[in-house]
Amino acid sequence: MSEPAELAIVLHTHMPYVEGFGTWPFGEEWLWEAAATSYVPLLRLLDELGEEQARAKLTLSLTPVLCDQLEAPGASERCVSFLRTVRADTHQLEIEEFERRGDSGVVHELQRSAAEYASAADTLERLQDSGGLIRALAPYTSWTSSATHAILPLLALHESIELQLRVGIESHRHRFGEWGGGFWLPECAHAPWLHNALVEAGAHVTCVEFTKLLGRGHRDNLRPHQPDDGPMLVPVDRAIIDLVWGDGGYPARAAYRDSHRRTHYQHRVWANDGSVYDADRARRQAAEDAREFVSAVRDRLQSGGICVCALDTELLGHWWYEGPLWLSAVIDDAQREGLALTALSAEALARHPPTEAGSIDFAAPSSWGAGGDLRTWSAPAVADIVWQARGAELNSFREHAQLPSSRALRELLALQSSDWAFLAHRDWAAEYPRQRASGHAAQLARALKGETEEPHVRNLAPYLELSYS
């Protein structure tokens with residue numbers, strides 16, 4: 001019997017810990033924008049599918065640090081307030097400005113955009129009485145990740161790896177009641193010395209980026225790998241992901257909304273080709289790209305296998321405005337064309353025999369970052385952030401006989417986030433990432449000296465104590 005051919009779309013949902021740390025241009029506004037433009041559209045798509053179909057066709061991971069923020073007291077109210085005041089006011093200011101200019105096309109698009117923000121605010125406000133956005137997404141999520149999205153192979157000590165795993169997994173269990181062992185390695189950053197810790201924590205399956213190891217387009221990217229000492233490793237398929245994520249991928253199409261060119265108040269009203277954005281034109285393009293994507297996956301799977309297309313959820317909507325439309329069309333077209341969609345569940349993986357143990361050399365760390373290795377988070381350009389975190393880690397666990405205080409552990413978790421080095425490496429947020437890293441390092445040093453005033457990280461890892469009880 002031939003191996004089945006299946007597409008697994010994995011949505012990895014994550015935002016750095018910005019709740020309570022700044023507003024504009026860097027800080028909470030990132031989270032509120034992602035909620036309005038990515039998470040609300042995703043929730044609507046999932047609700048249309050229904051819980052049974054959504055869990056069968058898609059794999060959704062929510063990082064614990066994202067959940068911490070969306071669950072934080074007052075966060076939902078601040079988000080709704082931002083959408084109803086700041087976004088409503090800036091839209092109105094620019095509507096009036098472009099009316100004075102006589103640019104009716106931009107005015108129409110600003111009005112349409114304002115209505116979408118208002119609709120997102122309505123949805124988020126309605127959810128407040130039933131547990132908020134996290135409760136609404138709970139029926140659809142199955143995978144978790146490390147507590148604060150740390151690059152696990154860059155941690156020096158087993159204690160740190162255990163801390164990230166334990167807090168991340170226990171917070172998922174506390175929030176969602178069950179966990180099947182699906183674990184998202186942040187940035188697909190894998191190394192063989194993580195295997196034992198992952199197994200001990202209960203992880204059964206994770207995604208990896210083996211393009212550098214196996215070669216782009218190699219058939220072994222379409223089948224899981226089972227090391228003797230670790231969880232099942234399921235490669236993401238770069239040949240398919242790059243249709244979306246690569247240079248010149250779908251988001252670059254002329255008809256789509258330009259995410260870089262913005263008005264004075266940061267609204268996106270133009271298409272990639274410079275024309276005023278036309279939503280109907282973009283919708284037609286999304287349908288065409290979905291058909292092309294499904295066709296490409298079918299060709300890729302002619303000999304069977306499991307094709308994993310893993311995407312950051314925030315790409316869909318926030319960075320690629322039409323992404324949710326495209327995903328919905330992919331789901332519909334796959335059903336129409338007979339392409340099986342599957343979640344990365346134990347049942348699905350049982351249909352795909354893994355490569356033989358020992359047939360692949362896993363010695364070198366890998367990731368889906370630049371170069372397929374860890375350079376994005378460890379290159380000379382971010383060495384100061386890396387060594388600051390490494391020194392703090394060693395000081396926390398090697399200079400003290402007892403487990404550090406909860407306050408100290410929270411600051412360490414915050415410092416270990418991959419986001420500070422990533423943002424600095426990309427030069428995307430001026431001095432914000434270095435300020436955040438140095439701030440957490442300073443607060444950690446104070447906590448290790450015994451200071452016990454109100455934690456600097458107000459709502460991070462709220463179930464930390466449960467993880468060590």
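**Burial, contacts and enclosed space**

Colleague: Why does Tyr 17 count as buried?

Modeller: Tyr 17 has 4% relative accessibility, and buried means under 20% relative accessible area (exposed is over 50%, partly exposed in between; 1.4 Å probe, protein chains only). Tyr 17 is therefore buried. The model is predicted, so local features need pLDDT of at least 70 and side-chain atom pairs count only at pLDDT 80 or more, while totals for chains, interfaces and linings use all residues. Residues are numbered from 1 along each chain as its sequence is written, and side-chain values use heavy atoms, with hydrogens and water left out.

Colleague: Where does Tyr 17 lie, and which residues does Tyr 17 touch?

Modeller: Tyr 17 is in the loop between β1 (5–13) and α1; helices (H or I, at least four residues) and strands (E, at least two) are DSSP runs, numbered from the N terminus. Not counting residues up to four places away in sequence, Tyr 17 touches Val 65, Gln 69, Trp 420, Arg 436, Val 457, Arg 458, Asn 459 and Leu 460, contact being heavy atoms within 4.5 Å.

Colleague: What makes the pairing of Tyr 17 with Glu 19 a polar contact?

Modeller: The two side chains make this contact at 3.1 Å. A polar contact is a pair of N or O atoms within 3.5 Å; within protein, one must be able to donate a hydrogen and the other to accept it, and residues adjacent in sequence count only if both atoms are side-chain atoms. The distance of 3.1 Å therefore falls within the limit.

Colleague: What makes a set of residues a nonpolar core?

Modeller: Its members are buried Ala, Val, Leu, Ile, Met, Phe, Trp, Tyr and Cys residues joined through side-chain atoms within 4.5 Å. The largest nonpolar core here has 127 residues, of which Phe 293, Trp 326 and Leu 344 touch the most other members. Helix α1 gives the largest share of this core, eleven residues. Apart from it lies another core of 19 residues, including Ala 150, Leu 152, Leu 194 and Phe 210. In soluble globular proteins, nonpolar side chains tend to be buried together.

Colleague: Why is one space called a cavity and another a pocket?

Modeller: On a 1 Å grid over the protein atoms alone, a cavity is a set of points where a 1.4 Å probe fits but cannot get out, whereas a pocket is an open set with protein on both sides within 12 Å along at least five of seven lines. There are five cavities of 30 Å³ or more. The largest cavity holds about 220 Å³, and the largest pocket about 1700 Å³; a volume is the space filled by probe spheres set on the points, which are joined across faces, edges and corners.

Colleague: Which residues line the largest cavity and the largest pocket?

Modeller: Lining residues have an atom within 4 Å of a point. The largest cavity has 14, with Leu 154, Val 386, Ala 389, Gln 416 and Ser 417 nearest its centre; helix α15 (residues 383–398) gives the most, five residues. The largest pocket has 49, with His 318, Trp 319, Phe 422, Arg 426 and Trp 428 nearest its centre.
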